[in-house]
Amino acid sequence: MSGNIELLNTTLAAAKASDRAALIAYLPAGFPTVDGGIEAVKAVVAGGADIVEVGLPHSDPVLDGPVIQTADDIALRGGVRIADVMRTVREAYEATGVPILVMTYWNPIDRYGVERFTAELAEAGGAGCILPDLPVQESALWREHAEKHGLATVFVVAPSSQDARLATITAAGSGFVYAASLMGVTGTRASVGAQAQNLVERTRATTDTPVCVGLGVSNAAQAAEVAGFADGVIVGSAFVKAMLDAPDEAAGLAAVRSLAGELAEGVRKR
């Protein structure tokens with residue numbers, strides 16, 4: 001079975017054709033439970049998310065701040081496994097029909113086996129992977145299997161990335177480019193800043209692939225600001241924090257659905 005890279009491409013193209021940015025939501029698998037995580041994905045899509053990133057919980061998430069680290073720890077203590085991540089992708093995709101990507105560090109894939117991981121992700125209906133710590137120069141094996149199975153390979157660029165490096169990264173990636181709005185870890189910020197716009201402009205000079213911005217967006221005003229210059233707005237910590245702060249799972253689901261609605265309105269205002 002082929003993965004859903006084409007669904008990802010057409011979803012981003014449809015948002016652009018509607019003169020707006022796509023809203024991309026991030027939620028970890030297995031948080032607060034595997035079933036609860038699947039329901040959370042359904043909730044953010046019901047609220048207005050166009051695309052969802054499902055996080056593969058990791059014990060050493062170098063790109064993630066304390067909010068997502070806390071959620072990952074809950075998921076890992078609950079015994080989440082890669083099979084649960086694949087189940088989350090499958091059930092979320094079947095329920096919503098939107099592109100579902102997995103965001104993961106490289107070590108779990110390396111240990112699991114690249115061919116096995118890509119084949120299972122494609123079979124589950126996944127659209128691709130975001131790989132924040134896989135160097136492009138070491139990615140040939142991954143890209144070979146991802147392409148074979150119809151999966152996008154999304155690399156992360158940062159404000160520190162030089163122009164030549166940006167060109168190398170964007171030439172190797174597919175689906176979209178994940179532009180980290182600042183140097184640092186995930187988390188909500190008071191301001192997203194001009195640094196992100198500059199990075200998007202420099203990245204666009206190297207590729208026609210959509211450029212989506214993450215790290216720091218947490219409310220409708222920030223989403224509208226980023227939507228003014230990016231093809232997609234990625235929100236993670238704000239959704240996870242809404243779940244963590246809720247008194248129970250039902251309240252958490254209501255909170256993330258409501259937040260998705262506010263953010264979806266924001267990306268349409270730009």
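Colleague: What makes the passage of α3 across α11 a left-handed crossing?

Modeller: In this predicted model, α3 passes α11 in a left-handed crossing. The term applies because the near helix is turned anticlockwise from the far one by less than a right angle. The residues that make the contact are Val67, Ile68, Thr70, Ala71 and Ile74 of α3, together with Ser237, Val240, Lys241 and Leu244 of α11.

Colleague: Why does Thr70 count as partly exposed?

Modeller: Thr70 is found in helix α3, and its relative accessibility is 37%. Buried requires under 20% and exposed over 50%; Thr70 therefore counts as partly exposed. The C-alpha atom of Thr70 is separated by 28 Å from that of Glu94, 24 residues apart along the chain.

Colleague: How do you know that α11 and α12 are roughly antiparallel to each other?

Modeller: Helices α11 and α12 (residues 249-269) pack at an angle of about 150°, with their axes 8 Å apart. The cut-off for roughly antiparallel is over 145 degrees, and the pair is therefore placed in that class. In this case α11 passes α12 in a right-handed crossing.

Colleague: Which residues of α11 and α12 meet?

Modeller: Ala238, Phe239, Ala242 and Met243 of α11 meet residues of α12 that include Leu253, Val256, Leu259 and Leu263.

Colleague: What makes Glu262 partly exposed?

Modeller: Glu262 has its place in helix α12, and its relative accessible area is 41%. Glu262 and Gly47 are 215 residues apart in sequence, yet their C-alpha atoms are 8.2 Å apart in space.

Colleague: Which strands of the open sheet are the edge strands?

Modeller: The open sheet has nine strands in the order β5-β4-β3-β2-β1-β9-β8-β7-β6, with parallel pairing. Strands β5 (152-154) and β6 are the edge strands, as each pairs on one side only.

Colleague: How do you know that β3 and β4 pair?

Modeller: At least two bridges are required for pairing. Strands β3 (residues 100-103) and β4 (residues 128-130) have three, in the parallel sense. In β4, Gly128 is the bridge partner of Leu101. With three bridges against a threshold of two, the strands therefore pair.

Colleague: What joins β7 to β6 and to β8?

Modeller: Two bridges join β6 (residues 156-157) to β7, and the strands run parallel; Val157 has Ala179 in β7 as its bridge partner. Four bridges join β7 to β8 (residues 211-214), again in parallel, and Ala180 is partnered by Gly214 in β8. Together with helix α8 (residues 163-172), β6 and β7 make a right-handed β-α-β unit. Helix α9 (residues 194-204) lies across β6, β7 and β8, running at about 155° to β8.

Colleague: How do you know that both faces of β7 are covered?

Modeller: In a regular strand the side chains alternate between the two faces of the sheet. In β7 (residues 177-180), Val177 and Ala179 on one side are buried, as are Tyr178 and Ala180 on the other. Buried means under 20% relative accessible area, and both faces are therefore described as covered.

Terms used: Residues are numbered from 1 along each chain as its sequence is written. This is a predicted model: local features need pLDDT of at least 70, side-chain atom pairs count only at pLDDT 80 or more; totals for chains, interfaces and linings use all residues. Side-chain values use heavy atoms; hydrogens and water are left out. Buried means under 20% relative accessible area, exposed over 50%, partly exposed in between (1.4 Å probe, protein chains only). A crossover is right-handed if, with the strands pointing away from the viewer, the path from the first strand over the helix to the second runs clockwise. Axes are lines fitted to C-alpha atoms, for helices over the stretch in contact, and angles run from 0 to 180 degrees between N-to-C directions. Angles under 35 degrees count as roughly parallel, over 145 as roughly antiparallel, 65 to 115 as roughly perpendicular and the rest as oblique. Contact means heavy atoms within 4.5 Å.
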